[in-house]
Amino acid sequence: MSGRRRLSLGERLLLAIPYLWIAAFFLAPMLLVAKISVSQSVLARPPYRPIFEFSDGPSAIWDKMQALTLDSYRALFSDTLYVESYLSSLAIAAVSTLIALIVAYPFALAIARAPERLRPLFIGLAVAPFWTSFLIRVYAWIALLKDEGLINNALMALGVISAPLQMYATPGAVIVGIVYSYLPFMLLPIYAALERQDPSLREAAADLGASPAQTFLRLTWPLSREGVVAGSLLMFIPAVGEFVVPDLLGDSETLMIGRILWNDFFSNHDWPTASAAAVALVVLLMVPLLLWERARLKEEEGAR
Amino acid sequence: MSAAGAWARGAALSIGFVFLYAPIVILTVMSFNASRLVSVWGGFSTKWYVALLENEQLLHSAKISLAAALVSATIATLLGLFAAIALARFGGFRTRMLFFGALHAPLVLPEVVLGLALLSCFVALGVGRGFVTLVIGHVTLTMCFTTVAILAALRDFDRTLEEAAMDLGATPPEAFVRVALPQIAPAIVTAYLLAFTLSLDDLVIASFATGPGATTLPMRIYSQVRLGVSPQINAVSTLLLALVAVALGLAAAVSWWRAGRNSSVKIATPAPDEAS
C-alpha cells in the first residue's frame, strides 16, 4: 500500500460521500449519546437538558457546563439492576460462546476433512440459515421449547418424562437461542483456520508415531487457535448486547443489558441513564476488541 | 483415515445439520398444519396462507419492508463500494483510522446502541420519523457489511490487470470501471443481497428509527410473536424462508455457472494444492 499522497478531486469526492454519511449518521449520533449521558434528566421532550450550542455566549456555555453531571454514571453503579444485567449479560454470552465452540468445532472439523469437492456445498449449507430472518429463527424455537411444544411432547411420548419440562422462558432457552442464531460466526473462522492446515503435517505426525488424539492436541488444535479466538469474539461481543433472543425466549427475570436499554428508551424515558449505560456497554465491548487487534498486529509485525 | 474417524465425522456433520435445519423445517411444516396447536397435526391446509392475503396490516408492512430493503440496499452498496475503493486504493489518507473504525463499529456494536443513537439524533434534530429515517437507519447499519464484502474482493483483485489496461491507454477511472469492476461484480452482488436481507430482517434499528405509518414486517411479526406462536406467522415466516432459499439457490447456480465457464482457465493454471 502506498503511503500518504495527495488525492485528486474525484478521489476526494468519492471518499467524501461515505465519509459524510458515517459522520452524520454514526459519529454524530454516538457523540450525542455521550453528551446526553452527562446531562440532567428532565421531564420534557427530548427528555434531557440541552448542553451547549455554538450560538451561546461564553458565559452561557459556562452556566450550562455547570449543569453537566456524572449523576447518570453514578446511578449506573448504584442501581443494582444495571450492574446485575451487565453481569448476567456477560455470563449468558460467555456460556453461549463456550457451547457454540463445543458444537461448532467438530462440525467445522468434519467439513474441513470432507472430500474437497463437497466442502463448498457443506459450508454453503451451514451458512445458509444465517441468510434467513434472525427473528424467524428465534421464533422457531418457541414452538420447540414451549411446555406443550414439540420437545416436551416427544419426550413425554417416549416416556422419558411424565410432566413437561419448563424450558421456554428460562435462561437456558436464551442460551440455546443465542447459540443457534450466532453459530455461523463461530463456525466460519474455525473452518477457515482448519481448512488452511496442510494435510501433510498430520501425515508426518502419524509417521512419527503420534496417536490421533496426540495429533489433535499438539497439532490441529494449536494451529486452529486463531480461528477459535476470532469466532469467540465475533460471537461473544454481539451476544452481550442481544435484545431479540432474551426478549422472546427468556422470562422477565432474564436480565440482559440490551433489553434494559430498550425498555429505558421506550418506556421509562430516562435517557441520560440509558445513554450512560450505552456508553459503558460500548467501552466494555470495545476494550477486548482493541486488545485483540493490538495483539494481532504485534504478531503480524513479529512474523515479518 | 480410519473407519472410526469417518464415522465420527459423519456424526458431527449430521448433528450439526440437524441442529441448524430442524427448527426451520418444523416451522415450515407447521405453517401447513390445519390445527392451531403446535402439538396436534390437524391435516394439511393452506388456510393460514389464505388468511395472510386478507391481512391488510401485514401486507402493508411487507410492502414497507420490501421498499426499505430495496432502497437502503442500493444506497448501502454504492456507499460501500465508494468506501471500499477509498480504503483499498487511497493509501494512508488523514483520519483513515477514524474512517475505518467508524465503518467497522456497527459490525460489533449492539444494534440497540446504534438504534438509540439514531433515535436521539432524530429527536434532537426535530426530524419526524418515518420511511426516510428508516432507510437512513438501515443504510447506516448495512453499509459496514457491504464495505467489508467489497473491500475483501478489491484486495484479492490482481492490480496488474488494471495497470495493463492503463499501459494500453485507459485512464485510471476507465481502467477501474472496465477491468476491476466486472471482476468484483460477484462481491457487489453479494454485498447487495446481504444488505437487502439484513434490512428485510431488521427489528431493532427499525423500531428505533421508524415512525407511525412505516411499521416494518419484522415489527409486526415481533408484536404478534410476543403474544405466542401463531399459524399466520408460521405462514409469513415460511414465505420469507422460501424467498431466501430461492435467492440463495439462484446465487449458487450463477456461481456454479461462472465456475464452469472459467474451468478452462483453471486447468491451464492449476492451483498449488490441486497440483500436489
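**Figure 1. Helix α10 of chain B is largely enclosed.** Seven of the nine residues of α10(B) are buried, so the rest of the structure largely encloses this helix. A residue is buried if 20 or more other C-beta atoms lie within 10 Å of its own, exposed if 12 or fewer, and partly exposed in between, with C-beta atoms placed from the backbone. The buried residues of α10(B) are B:Leu217, B:Pro218, B:Met219, B:Arg220, B:Ile221, B:Tyr222 and B:Val225. Helices (H or I, at least four residues) and strands (E, at least two) are DSSP runs, numbered from the N terminus. This is a predicted model, in which local features need pLDDT of at least 70, side-chain atom pairs count only at pLDDT 80 or more, and totals for chains, interfaces and linings use all residues. Residues are numbered from 1 along each chain as its sequence is written, while chains are lettered from A and ligands numbered from 1 in the order in which they are written.

**Figure 2. Chain B meets chain A.** The contact takes 61 residues from chain B and 72 residues from chain A. Two residues are in contact if their C-beta atoms, placed from the backbone, lie within 7 Å. Several helices of chain B supply at least two residues each to the side that touches chain A, among them α3 (56-89), α6 (131-156), α8 (172-201) and α11 (231-261). Helix α10 (217-225) of chain B is also one of these suppliers. The largest share of that side, 13 residues, comes from α1(B). By class, the side of chain B that touches chain A has 49 nonpolar, nine polar and three charged residues. Ala, Val, Leu, Ile, Met, Phe, Trp, Tyr, Cys and Pro count as nonpolar, Asp, Glu, Lys and Arg as charged, and the others, Gly among them, as polar.

**Figure 3. A:Ala108 sits in the largest nonpolar core.** This core holds 158 residues, and A:Ala108 and B:Leu116 touch the most other members. Helix α8 (residues 171-196) of chain A gives the most to the core, with 17 residues. A nonpolar core is a set of buried Ala, Val, Leu, Ile, Met, Phe, Trp, Tyr and Cys residues joined through C-beta atoms within 7 Å. Not counting residues up to four places away in sequence, A:Ala108 touches A:Leu187, A:Ile190, A:Tyr191 and A:Leu194.

**Figure 4. A:Leu27 has a contact in chain B.** A:Leu27 lies in helix α1 (residues 9-36) of chain A. With 17 C-beta neighbours inside 10 Å, A:Leu27 counts as partly exposed. Leaving aside neighbours within four places in sequence, A:Leu27 is in contact with A:Ile22 and B:Ala102. A:Leu27 and A:Ala154 are 127 residues apart in sequence and 51 Å apart in space, C-alpha to C-alpha.

**Figure 5. A:Ala169 has a positive phi.** Phi of A:Ala169 is near 60°, a positive value in a residue other than glycine. A:Ala169 is found in the loop between α7 (150-157) and α8 of chain A. There, A:Ala169 is partly exposed, with 19 other C-beta atoms within 10 Å.

**Figure 6. Chain B is built from helices and is spread out.** Chain B has 13 helices and zero strands. Its radius of gyration is 23 Å, well over the 19 Å that the globule rule gives for 276 residues, so chain B is more spread out than a compact globule. The radius is taken over C-alpha atoms, and the globule rule is 2.2 Å times the number of residues to the power 0.38. The C-alpha atoms of chain B fill a box of roughly 70 × 65 × 30 Å, taken along the principal axes. The domain assignment of chain B gives domain 1 (22-54 + 234-254) and domain 2 (57-215). Such bounds come from an automatic or database domain assignment. The centres of the two domains of chain B, taken over C-alpha atoms, are 30 Å apart.

Figure 7. The mean pLDDT of chain B is 84, and 92% of its residues reach 70 or more. Over residues 264-276 of chain B the pLDDT is below 50, and beyond near neighbours in sequence this stretch has one contact in the model. pLDDT is the predictor's confidence in each residue, from 0 to 100. For chain A the mean is 83, with 88% of residues at 70 or more. In chain A, confidence is lowest in helix α2 (residues 58-67), at a mean of 60, and highest in helix α4 (residues 80-112), at 93. The model scores ipTM 0.82 and pTM 0.83.
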